[in-house]
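Please work through each task before reading its solution.

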Amino acid sequence: MKNIVLLGFMGSGKSCVGQLLAERLGRNFIDIDAQVEQAIGMSIADYFAQFGEAAFRERESAAVEVVAAQSGAVISTGGGVVLRQQNIDRLKTNGILFCLSACETTIVERTAGDRLRPLLNRPDRLQEIRRLLAERQPLYRQADHWIETDGRTAVEVAAAILRILDGEAYVHGNDPGQSGQSQL
Ligand code: S3P
């Protein structure tokens, strides 16, 4: 059974939507950032500070390799996973890829006050978001499906994905319940 893989920029709602989808579908939820943190034994922010982004990307690719080999899981990725084509190719091998998109304003709002994302922990945050979005947008376009998340709740985004999966003959079960009812 194919994995359901969520791509998208920081703050696009991948983890939240991924958990809802997994609940709804009765599938395993795997967060690649959490897998990396488990492997390195520290937070991603601390790892960036000590070893830098290049070392983090190595760890991220190693986690992708393991996770992409799973079957039937809902997988949430880190926003920069698309920077390595090998990661995308691996995730596509047994996965259907959804990109959660959000405009710059939404991302700024959703990540405001967040100190856990090293790439955004800088004074020129807005410029950096713009730069990274411009760089990554064409890479995210490799997803099989594109889902707009601006002004939508996690439940609404999960429902949009479920409709697509239904159309592709995926089967799902329980109601997602009350969590994820506020806007992402
Ligand atoms: C990153 C996004 C983060 C995390 C790391 C780098 C990025 O994940 O992997 O801080 O390069 O966009 P989220 O997208 O889950 O915040």
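**Exercise 1.** Determine how far a backbone N or O atom of Gly80 lies from an oxygen atom of the ligand.

*Solution.* The separation is 3.2 Å for this backbone atom of Gly80, where a polar contact is a pair of N or O atoms within 3.5 Å. Turning to side chains, an N or O atom of Arg57 is 2.6 Å from a ligand oxygen. For the side chain of Arg136, the corresponding distance to an oxygen atom of the ligand is 2.6 Å. Of the 380 Å² that the ligand exposes when taken alone, the protein buries 95% (Shrake-Rupley method, 1.4 Å probe). The model is predicted, with local features requiring pLDDT of at least 70, side-chain atom pairs pLDDT 80 or more, and totals for chains, interfaces and linings using all residues. Residues are numbered from 1 along each chain as its sequence is written, and side-chain values use heavy atoms, without hydrogens and water.

**Exercise 2.** State how many residues surround the ligand, and classify them.

*Solution.* The shell holds 13 residues, and Lys14, Asp33, Arg57, Arg117 and Arg136 are the closest (a heavy atom within 4 Å). By class, 5 are nonpolar, 3 polar and 5 charged.

**Exercise 3.** Describe the lining of the largest pocket.

*Solution.* First, 29 residues line the largest pocket, with Met10, Asp33, Ile44, Leu116 and Arg117 nearest its centre. Next, the classes in this lining are 10 nonpolar, 10 polar and 9 charged residues. Finally, at least two lining residues come from each of helix H1 (14–25), helix H2 (32–40), helix H3 (44–51) and helix H4 (53–68) (DSSP runs, H or I, of at least four residues).

Note on methods. Polar contact = N/O pair within 3.5 Å; in protein donor to acceptor, adjacent residues only side chain to side chain. Nonpolar A, V, L, I, M, F, W, Y, C, P; charged D, E, K, R; others polar. 1 Å grid on protein atoms, 1.4 Å probe; cavity = no way out; pocket = protein on both sides within 12 Å on 5 of 7 lines; lining within 4 Å.
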